[in-house]
Amino acid sequence: MQKITKEVYLKWYEDMLFWRKFEDKLAAVYIQQKVRGFLHLYNGQEAVLAGALHAMDLTKDKMITAYRNHVQPIGMGVDPKRVMAELYGKVTGTSKGMGGSMHIFSKEHRFYGGHGIVGGQIPLGAGIAFGDKFHGVDGVTLCCFGDGAARQGSLHETFNLAMLWNLPVVFVCENNGYAMGTSVERTANHTEIWKLGLGYNMPCGPVDGMNPIKVAEAFDEAIQRARKGGGPTFLELKTYRYRGHSMSDAQHYRTKDEVEEYKKIDPITQVKDVILEKKYASEDDIKVIDKRVKDRVAECEKFAEESPFPPVQQLYDMVYEQEDFPFIQHKI
């Protein structure tokens with residue numbers, strides 16, 4: 001893993017702030033009904049992505065995740081204007097406006113979704129890793145899911161095969177405490193989700209998901225293990241989301257005081273404090289970054305607002321048709 005330098009801290013601060021403000025803008029336009037359907041925001045969990053990206057090799061490593069998936073593709077290189085356009089349902093979006101909030105995807109940047117089925121991406125992540133191993137590609141797949149998905153049977157089936165086949169995959173549980181709206185304590189007789197890996201002799205452990213340094217260190221160890229042929233790792237990133245499960249979540253399962261307590265260890269604030277303490281940048285320098293982030297978000301909004309909706313013909317273009325389908329015989 002490359003050294004965590006002044007430049008890394010400044011990049012972390014700007015990236016995480018941009019992801020936060022990008023989604024704050026999405027929340028605002030969602031209320032205006034410019035973005036429809038469900039909207040699951042990542043506010044508070046940014047350290048997980050920042051640390052992971054620092055440890056990854058973006059020229060060959062891959063990522064797959066659930067429906068809280070707007071900022072991950074941006075971090076991996078997708079144009080944020082196209083991501084916002086996709087949420088607007090515009091033809092300039094990552095899936096030409098037909099995927100929406102929960103299905104951001106980019107083959108070019110090795111980001112494989114965006115999946116609306118809880119836990120549905122877990123076997124797919126192992127499958128991507130199997131493909132790399134089968135074809136001799138020196139890549140590692142990060143397969144991310146929430147604490148709710150950790151209760152799916154597909155996780156156990158996947159863990160079993162991933163260990164059996166020694167796949168180059170890192171399983172990542174972003175444990176933000178409440179799944180859709182039920183605490184971890186109410187869904188199982190144990191709260192240390194990482195221990196599920198022990199049943200498969202899979203290297204596993206907990207990680208402070210609010211600190212990008214701790215995240216980067218844990219991911220680096222797991223990714224290097226996989227790249228050297230050491231097989232899967234299961235990491236439980238203990239993090240927190242400041243907003244509800246989705247925009248329609250009334251959040252009756254927690255108090256505002258609890259949310260405020262977690263905001264005291266906000267990953268963006270943690271990084272900013274180090275920057276100022278070590279004099280990597282001044283308050284005026286921070287203001288310049290803040291302004292640059294604000295301008296970038298405004299550019300994304302403008303692009304999405306001004307982009308056209310898909311033409312009706314596109315609905316037909318996406319339907320597969322084969323006239324000589326071999327199992328159909330036409331009687332004359």
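Me: Which loop holds Asn166?
Reply: Helices here are DSSP runs of H or I with at least four residues, strands are runs of E with at least two, and both are numbered from the N terminus. With those labels, Asn166 sits in the loop between α6 and β3.

Me: Before we go on, what kind of model is this?
Reply: Residues are numbered from 1 along each chain as its sequence is written, and side-chain values use heavy atoms, leaving out hydrogens and water. Local features need pLDDT of at least 70, side-chain atom pairs count only at pLDDT 80 or more, and totals for chains, interfaces and linings use all residues, since the model is predicted.

Me: Back to Asn166: is it buried, partly exposed or exposed?
Reply: Buried means under 20% relative accessible area and exposed means over 50%, with partly exposed in between (1.4 Å probe, protein chains only). Asn166 also has a positive phi of about 55° although it is not a glycine. Its relative accessibility is 30%, so Asn166 counts as partly exposed.

Me: What is the phi of Arg110?
Reply: Most residues other than glycine have a negative phi. Arg110, in the loop between α4 and α5, isn't a glycine, yet its phi is positive, near 60°.

Me: What is omega for the peptide bond from Gly113 to Gly114?
Reply: Most peptide bonds are trans. Gly114 is in the loop between α4 (80–87) and α5 (121–135). The bond from Gly113 to Gly114 is cis, with omega near 25°.

Me: What is the strand order in the open sheet of five strands?
Reply: Two strands count as paired if DSSP finds at least two bridges between them. The pairing in this open sheet is parallel, and the order is β1-β2-β3-β5-β4.

Me: Which strands stand at the edges?
Reply: An edge strand here has a single partner, so one of its sides is left without a neighbour in the sheet. That describes β1 (62–64) and β4 (204–208).

Me: How many bridges join β2 to β3?
Reply: Strand β2 covers residues 141–146 and β3 covers residues 169–175, and they run parallel. Thr141, for one, stands opposite Val169 in β3. The number of bridges joining β2 to β3 is six.

Me: Which helix packs on the sheet, touching β2, β3 and β5?
Reply: Contact means heavy atoms within 4.5 Å. Angles run from 0 to 180 degrees between N-to-C directions, with axes fitted to C-alpha atoms, for helices over the stretch in contact. The helix (residues 153–164) has a direction that makes about 150° with that of β3, and its name is α6.

Me: In β5, what is the bridge partner of Asp208?
Reply: Five bridges join β4 to β5, and the two run parallel. Asp208 is on the uncovered face of β4 with Cys204 and Pro206, while Gly205 and Val207 are on the covered one. The partner of Asp208 in β5 is Lys238.

Me: What is the radius of gyration of the chain?
Reply: The radius is taken over C-alpha atoms, and the globule rule is 2.2 Å times the number of residues to the power 0.38. With 332 residues, a compact globule would come out near 20 Å, which agrees with the chain's 21 Å.

Me: How much of the chain is buried?
Reply: The chain has eleven helices and five strands. Of its 332 residues, the share that counts as buried is 48%.
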